[in-house]
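Here is a short report on one protein chain. Have the sequence and the model open while reading.

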Amino acid sequence: MELKTAEVDFFNHKVNRPVKIKFWYQGGVELCEAKVCLSPKQKNQRVAIISHGAFGSPREMNWLGYALASQGWVVAGVAHFGESWVYGAQNIDPSSAMRFWQRSEDVSFAIDSLSEDGLFNTSLKTDNVIMFGHSSGGFTSLAMAGAILEEGKSQAYCSLEKAKDDRGCDYGQQNKRKPMNKDMLKKIGLLQEKMQDERVAAVIALDPALGHAVSEQSLANINVPTLILGSIENDFLPYSTHSKHYAEHIQGANLVGIEQNAGHFVYIDKCDSERKVKGVYLCKDRDGVDRKKIHKEILGHVFSFIYRNGLDKTDT
């Protein structure tokens with residue numbers, strides 16, 4: 001058995017949008033005629049999806065993808081067009097962060113695509129997938145289970161003094177945007193209704209965003225096992241407004257607060273860039289933070305959640 005990764009390009013003709021998927025998996029020793037050659041021992045029900053944070057990419061989630069693959073999961077990391085740099089800098093569109101429903105469309109299309117002829121040498125069962133997501137991807141993962149945004153809630157919160165250090169309010173300058181007209185609100189309402197996907201059997205959200213904007217009633221209606229991990233001493237998304245808020249309103253949700261001075265970006269691969277996002281370093285952690293050690297801790301919680309909820313059980 002060898003852990004492998006591959007990227008495959010798809011195109012969603014229904015919405016005229018490319019979808020690049022990064023796979024992590026256990027490969028077979030022999031070549032096959034499929035694009036991705038899975039190990040003959042692959043359990044066909046172990047399927048996981050990852051949605052990256054705003055303007056990130058699945059390529060920054062190797063620590064999670066390889067760990068899941070090592071336990072027999074086929075993992076599909078979805079790159080969201082307009083946000084992800086993997087499509088090239090010329091295709092990054094800052095306004096795409098506001099079209100949050102496109103992310104759910106990408107994920108549902110990705111799940112559909114796992115059954116495409118010639119993709120794998122083994123057919124996978126995609127009716128019970130685990131949905132992972134970081135930051136904006138954390139909201140995406142919860143939206144796949146039924147979370148929706150409430151009109152006006154974000155603008156109201158972002159105009160408050162207590163929101164001044166919440167970097168989530170910087171996207172689209174939510175406190176300065178003009179109210180939408182009724183037709184646009186109706187359209188977005190219909191799009192939100194389509195975000196949920198019944199094939200998502202469980203959600204694991206890593207420091208999820210948009211907690212300040214989500215409908216509490218929609219969270220109360222989520223009925224799949226849910227694990228939320230968030231950084232308590234957060235440098236980007238205040239813990240009480242986002243991670244903790246989600247967990248408090250989802251019945252039976254498990255909440256894990258990550259301490260050790262961890263920030264918002266400890267949930268991506270260890271890296272050495274000097275880049276900052278909204279004034280916060282992407283790769284440089286605060287003093288005393290060991291990103292790899294925190295990844296190991298998170299994986300302990302993730303696998304415990306998977307086994308506790310019987311999500312690793314397979315028929316074959």
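Glu 105 is partly exposed because its relative accessibility is 26%; buried means under 20% relative accessible area, exposed over 50%, and partly exposed lies in between (1.4 Å probe, protein chains only). Glu 105 sits in helix H2, residues 101-113. Helices (H or I, at least four residues) and strands (E, at least two) are DSSP runs, numbered from the N terminus. Leaving aside neighbours within four places in sequence, Glu 105 is in contact with Asn 12, Val 15 and Leu 191. Contact means heavy atoms within 4.5 Å. Asp 9 is 96 residues from Glu 105 in sequence, and their C-alpha atoms are 16 Å apart.

Ser 113 also belongs to helix H2. Ser 113 has a relative accessible area of 5%, so it counts as buried. Residues up to four places away in sequence aside, Ser 113 touches Phe 10 and Leu 119.

## Basis of the model

The model is predicted: local features need pLDDT of at least 70, side-chain atom pairs count only at pLDDT 80 or more, and totals for chains, interfaces and linings use all residues. Residues are numbered from 1 along each chain as its sequence is written, and side-chain values use heavy atoms, with hydrogens and water left out.

## The chain as a whole

The chain holds 8 helices and 10 strands. The C-alpha trace spans about 60 × 50 × 40 Å along its principal axes.

Of the 316 residues, 56% are buried. Among contacts with a separation of 6 or more, 75% join residues 24 or more positions apart. The accessible surface is about 14,500 Å², and carbon and sulfur atoms hold 48% of that area. Areas come from the Shrake-Rupley method with a 1.4 Å probe; for residues, only the protein chains shown count as cover.

The chain has 38 positive and 39 negative charges, with mean positions 2 Å apart. Lys and Arg count as positive and Asp and Glu as negative; His and the chain ends are not counted. Each charge is placed at NZ of Lys, CZ of Arg, CG of Asp or CD of Glu.

E5 pairs in the parallel sense with E3 (residues 47-51) over 4 bridges. Two strands pair if DSSP finds at least two bridges between them. Ile 50 has Phe 132 of E5 as its bridge partner. E5 also runs parallel to E6 (residues 200-206), over 6 bridges. Here Phe 132 stands opposite Ile 204.

Strand E7 (residues 226-231) is largely enclosed by the rest of the structure, because 6 of its 6 residues are buried. Thr 226, Ile 228 and Gly 230 point one way; Leu 227, Leu 229 and Ser 231 point the other.

E6 and E7 are paired in parallel over 4 bridges. Ile 204 has Leu 227 as its bridge partner in E7. E7 is joined to the parallel strand E8 (residues 254-258) by 5 bridges. Asn 254 of E8 is the bridge partner of Leu 227.

## Helix H1

Helix H1 spans residues 62-70, and its buried residues include Trp 63, Leu 64 and Leu 68. Gly 72 follows H1 and has a positive phi, near 95°.
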